[in-house]
2 protein chains.
Amino acid sequence: MFNTVRLATLAALLAVLIAPSPLRADDEADPLPSWNEGGVKAAILDYVARVTTEGSPDFVPAADRIATFDNDGTLWVEKPLYTQFVFVIDRVKAVSNQHPEWKNKEPFKSAIDGNTEKLLTYGEKGAMALVTATHSGMTTVEFNDIVSNWLKTAKHPRFKRLYTDLTYKPMIELLEYLRANGFTTFIVSGGGTAFMRAYTEPCYGVPPWQVVGSAGETEFRYWDSSPTLVKLPDLLFFDDGPGKAEGINTISGGQPVFAFGNSIGDKEMLEWTANCKGLCFMGLVHHDDAAREYAYGPESDVGRFPVELMEHALANGWNVVSMRDDWNQIFSWGEAETPGAEAGPQ
Amino acid sequence: MFNTVRLATLAALLAVLIAPSPLRADDEADPLPSWNEGGVKAAILDYVARVTTEGSPDFVPAADRIATFDNDGTLWVEKPLYTQFVFVIDRVKAVSNQHPEWKNKEPFKSAIDGNTEKLLTYGEKGAMALVTATHSGMTTVEFNDIVSNWLKTAKHPRFKRLYTDLTYKPMIELLEYLRANGFTTFIVSGGGTAFMRAYTEPCYGVPPWQVVGSAGETEFRYWDSSPTLVKLPDLLFFDDGPGKAEGINTISGGQPVFAFGNSIGDKEMLEWTANCKGLCFMGLVHHDDAAREYAYGPESDVGRFPVELMEHALANGWNVVSMRDDWNQIFSWGEAETPGAEAGPQ
């Protein structure tokens with residue numbers, strides 16, 4: 001609690017401290033130390049300087065500085081499986097005793113058996129069946145606790161680390177740099193909103209209300225006579241492809257001027273950003289670093305990253321990040337410790 | 001743009017300046033000058049002191065300090081008609097030339113004729129027909145411009161002022177006081193999200209992504225080959241009654257510890273707040289000031305404020321605000337200028 005005199009002092013100090021001034025590399029600390037000089041880093045610094053300089057023809061008022069980031073593959077590792085899908089499989093196993101019928105029913109059987117290859121043959125429909133079974137029938141508070149507890153112990157098969165350790169350091173720096181320059185940062189993912197909200201604040205500094213994802217219906221009920229929200233199996237909306245632009249509007253009410261993605265599911269979000277009123281910035285992460293992370297894209301992941309997406313990006317001036325060339329460090333714990341560096345693409 | 005040295009300095013200053021300290025009325029400026037001493041004001045000050053004092057058994061971490069406010073009748077005037085309904089009627093008139101069929105079709109005919117009494121007989125279904133016709137078929141950007149322009153000129157029939165001048169000063173002070181104490185403030189209304197987002201930032205200091213309301217579907221389309229979002233006639237969700245708790249979870253991801261409403265549509269939100277983990281605060285605005293504003297409630301507005309709501313509030317320790325007794329000023333421009341003070345309830 002603080003009083004209005006303190007507030008006035010604070011406001012005056014803030015005004016001095018955060019007054020916009022052009023970034024000079026020689027006298028200011030580097031806000032993006034994990035990014036190699038030139039290339040996309042130079043484009044980011046130039047963009048931010050332009051839109052934050054009052055009087056500049058490219059100036060964007062702080063209220064309009066909305067920046068949106070895809071999550072899987074853009075802010076953290078998405079291979080060999082989406083983290084939420086690993087959670088779903090673990091969750092099916094954890095509650096399978098309560099569902100004896102699953103033992104002989106696909107796709108549950110493959111999930112329980114740990115047969116990921118077979119599980120993936122059931123496609124999106126199979127995945128949705130597992131998501132529905134594991135993401136409904138409990139309160140919103142219970143679900144959040146389940147996810148939080150899982151994140152405390154589950155580890156990535158290659159990196160042998162918690163999934164929350166597998167965020168990309170350069171992107172965390174970028175999020176912080178944008179916020180320090182008056183941007184509001186949003187996560188926009190095909191993944192579940194409720195799943196992401198369990199970790200976006202500590203991982204990315206993004207509060208739950210700046211998370212846009214696929215969302216299920218909830219229902220207000222008096223459970224054990226306590227008013228509570230129960231998660232239902234029905235989908236409220238699916239936040240991928242065109243759904244990302246729609247979801248951003250539903251949750252944020254705005255149109256981004258800055259957006260980053262890494263797959264075809266981000267195309268409409270990036271196109272919509274490119275159509276914003278002011279100067280815009282579109283970024284695409286290209287995974288081309290099998291040694292330190294994974295290599296996939298137009299060459300190998302033609303479902304989610306077709307050649308046309310790369311061509312469209314290059315033709316329209318989108319900023320394509322080469323993880324290999326643009327990032328001198330990928331994880332906060334340093335790639336010196338990265339296991340499986342010799343393994344190549346997985 | 002500022003560097004990390006500046007950031008460190010700022011962080012140190014902030015730590016000193018915003019360190020929690022108990023509020024002492026004698027040496028700190030009054031954060032709620034439009035509230036009369038004692039009563040609900042004392043309850044608010046006591047609540048905030050308890051939940052923000054580290055080490056107190058009632059301490060609530062800043063991340064959990066979610067405060068939600070109904071809009072119509074809680075933050076601004078809702079009589080004789082909801083502001084958005086006035087907008088809808090004006091909008092039907094404005095575009096009626098493009099819809100000659102409306103001249104002989106209800107409820108459009110009554111809206112065009114300005115026959116509000118008859119219009120209201122068509123109830124919720126009639127209102128929704130008008131809302132659908134006026135809130136879809138344009139881009140999200142176009143709709144926002146239409147609302148913003150309307151708000152610049154439309155005036156309240158009794159107060160002869162812009163609707164944005166009819167916000168309650170004591171509630172604005174409360175919003176600011178809560179935010180200064182680490183709360184995040186949300187608007188939660190049965191009204192349309194897109195309509196509210198056109199004014200919540202300048203009126204309440206609440207950014208668009210902290211507005212929870214009824215929302216229509218949108219569709220990403222290439223209009224004139226530009227990627228854009230088009231407003232559709234279908235409802236995505238209705239944010240009233242139990243829908244308010246559901247909407248808060250969908251948009252904010254959290255459960256409020258502090259909530260204010262003024263009608264039966266706020267009951268579930270307030271009940272859900274009362275069931276939060278920590279110390280909670282529930283407030284209900286009672287309109288009992290015909291001279292300065294309006295008088296309605298259990299006595300006269302039994303649809304939206306039944307006797308049972310007041311009984312439930314009093315039985316459960318909810319804080320009932322008497323506009324007459326608790327607020328020494330209602331509007332920022334002062335009640336000395338309030339016209340129609342002699343008119344009584346309208």
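Phe220(B) has a relative accessible area of 9% and therefore counts as buried, a class defined as under 20%, with exposed as over 50% and partly exposed in between (1.4 Å probe, protein chains only). The model is predicted: local features need pLDDT of at least 70, side-chain atom pairs count only at pLDDT 80 or more, and totals for chains, interfaces and linings use all residues. Residues are numbered from 1 along each chain as its sequence is written, chains are lettered from A and ligands numbered from 1 in the order in which they are written, and side-chain values use heavy atoms, with hydrogens and water left out.

**Aromatic pairs**

A pair of aromatic rings is described by the distance of the centres and the angle of the planes. Rings of Phe, Tyr and Trp (its six-membered ring) pair if their centres lie within 6.5 Å; planes under 30 degrees apart count as stacked, over 60 as edge-to-face and the rest as tilted. By this rule there are 54 aromatic pairs over all chains. One of them joins Phe220(B) to Tyr222(B) in an edge-to-face arrangement, with 5.4 Å between centres and 80° between the planes. Tyr222(B), at 45% relative accessible area, is partly exposed.

Phe260(B) and Phe281(B) form a tilted pair, 6.1 Å centre to centre with 40° between the planes. Phe260(B) belongs to strand S5 (residues 258-261) of chain B and Phe281(B) to strand S6 (residues 281-288) of chain B, so the pair ties together parts that are 21 residues apart in sequence. Helices (H or I, at least four residues) and strands (E, at least two) are DSSP runs, numbered from the N terminus. Phe260(B) is buried at 0% relative accessible area, and Phe281(B) is buried at 3%.

In chain A, ring pairs link a cluster whose members include Trp76(A), Phe87(A), Phe143(A) and Trp150(A). Tyr163(A), Phe195(A), Tyr199(A) and Tyr204(A) also belong to this cluster.

**Charges over rings**

A charge sits over a ring if NZ of Lys or CZ of Arg is within 6 Å of the ring centre and within 35 degrees of the ring normal.

| Charged residue | Ring | Distance to ring centre |
|---|---|---|
| Lys79(B) | Tyr296(B) | 4.5 Å |
| Lys231(B) | Phe143(B) | 4.6 Å |

**Backbone features**

Most residues other than glycine have a negative phi, and most peptide bonds are trans. Lys79(B) is joined to Pro80(B) by a cis peptide bond with omega of about 0°. Pro80(B) lies in the loop between strand S1 (66-69) and helix H3 (83-95) of chain B. Another cis peptide bond joins Glu106(A) and Pro107(A), with omega of about 5°; Pro107(A) is in the loop between helix H3 (83-95) and helix H4 (108-113) of chain A.

Lys160(A), which is not a glycine, has a positive phi of about 55°. The loop between helix H7 (140-153) and helix H8 (169-180) of chain A contains Lys160(A), which is exposed at 57% relative accessible area. Ser225(B) likewise has a positive phi, near 60°. Ser225(B) is located in the loop between strand S3 (211-223) and strand S4 (226-237) of chain B, and is exposed at 67%.

**Surface of chain A**

Met128(A), Leu235(A) and Phe238(A) make up a nonpolar surface patch with about 260 Å² of accessible area together. Phe238(A) is in the loop between strand S4 (226-237) and helix H11 (242-252) of chain A and is partly exposed, at 42% relative accessibility. Patches are made of residues with over 30% relative accessible area and no salt bridge, like charges being joined within 9 Å and nonpolar side chains (Val, Leu, Ile, Met, Phe, Trp, Tyr) within 5 Å. A salt bridge is a side-chain nitrogen of Lys or Arg within 4 Å of a carboxyl oxygen of Asp or Glu. Accessible areas come from the Shrake-Rupley method with a 1.4 Å probe; for residues, only the protein chains shown count as cover.
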